[in-house]
Amino acid sequence: MLLEDAEYENALDWAIKATEIKQDFYQAYNAQAICYAMLGDKDSYEKALRKAVAHGSNRAKVIQYIKNLGAPIFENDNI
């Protein structure tokens, strides 16, 4: 599992390919959001998160998961 192994760039490539095949695959958008957050790309993270939520994902759960990972985009947030 690429996300579990912190291989975010490789996982991101696969998640993008998955959404190219199935545009409503919210789990792949979740993975994209996680990867972008861990890679420090806040704009792309926000876009992926919006797509995930639009297709059925739970916004609060995804954000909490990413914060628990210690994503650099949340370094200045008080949680």
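Rings of Phe, Tyr and Trp (its six-membered ring) pair if their centres lie within 6.5 Å; planes under 30 degrees apart count as stacked, over 60 as edge-to-face and the rest as tilted. A pair is thus described by the distance of the centres and the angle of the planes. By that rule, a search of the whole structure finds one aromatic pair. Tyr-45 and Phe-74 form this pair, and the geometry is edge-to-face. The centres are 5.8 Å apart, with 85 degrees between the planes.

This is a predicted model: local features need pLDDT of at least 70, side-chain atom pairs count only at pLDDT 80 or more, and totals for chains, interfaces and linings use all residues. Residues are numbered from 1 along each chain as its sequence is written, and side-chain values use heavy atoms, with hydrogens and water left out.

Where do the two rings sit? Tyr-45 is in helix H3, and Phe-74 is in the segment after H4. Helices here are DSSP runs (H or I, at least four residues), numbered from the N terminus. The pair links distant parts of the chain, 29 residues apart. Tyr-45 counts as buried because its relative accessibility is 4%. Phe-74 is buried too, at 13%. Buried means under 20% relative accessible area, exposed over 50%, and partly exposed in between (1.4 Å probe, protein chains only).

Two packed helices are described by the angle between their axes and the distance between the axes. Axes are lines fitted to C-alpha atoms, for helices over the stretch in contact, and angles run from 0 to 180 degrees between N-to-C directions. The axes of H3 and H4 come within 10 Å and cross at roughly 145 degrees. This crossing is right-handed; the near helix is then turned clockwise from the far one by less than a right angle. On the H3 side, the contact is made by Tyr-45, Leu-49 and Val-53. H4 supplies Arg-59, Val-62, Ile-63 and Ile-66. Contact means heavy atoms within 4.5 Å. By class, there are six nonpolar, no polar and one charged residues. Ala, Val, Leu, Ile, Met, Phe, Trp, Tyr, Cys and Pro count as nonpolar, Asp, Glu, Lys and Arg as charged, and the others, Gly among them, as polar.

H4 (residues 59-69) also packs against H2 (residues 26-39). Their axes come within 10 Å and cross at roughly 35 degrees. The crossing of H2 and H4 is right-handed. Asn-30, Ala-33, Ile-34, Ala-37 and Met-38 in H2 meet Val-62, Tyr-65, Ile-66 and Leu-69 in H4. This contact has eight nonpolar, one polar and no charged residues.

Gln-32 is in helix H2. Is its side of the helix buried or exposed? Gln-32 counts as buried because its relative accessibility is 7%. Beyond four places in sequence, Gln-32 touches Leu-12, Ala-15, Ile-16, Thr-19 and Ala-48. Thr-19 lies in helix H1 (residues 8-21). At 9% relative accessibility, Thr-19 is buried. The side chain of Thr-19 reaches the backbone oxygen of Ile-16 at 3.0 Å. Leaving out residues up to four places away, Thr-19 touches Phe-25, Ala-28, Tyr-29 and Gln-32.

Finally, H3 again. Glu-46 is found in helix H3 (residues 42-54). Glu-46 counts as partly exposed, at 31% relative accessibility.

Definitions and conventions: Helices (H or I, at least four residues) and strands (E, at least two) are DSSP runs, numbered from the N terminus. A polar contact is a pair of N or O atoms within 3.5 Å; within protein, one must be able to donate a hydrogen and the other to accept it, and residues adjacent in sequence count only if both atoms are side-chain atoms.
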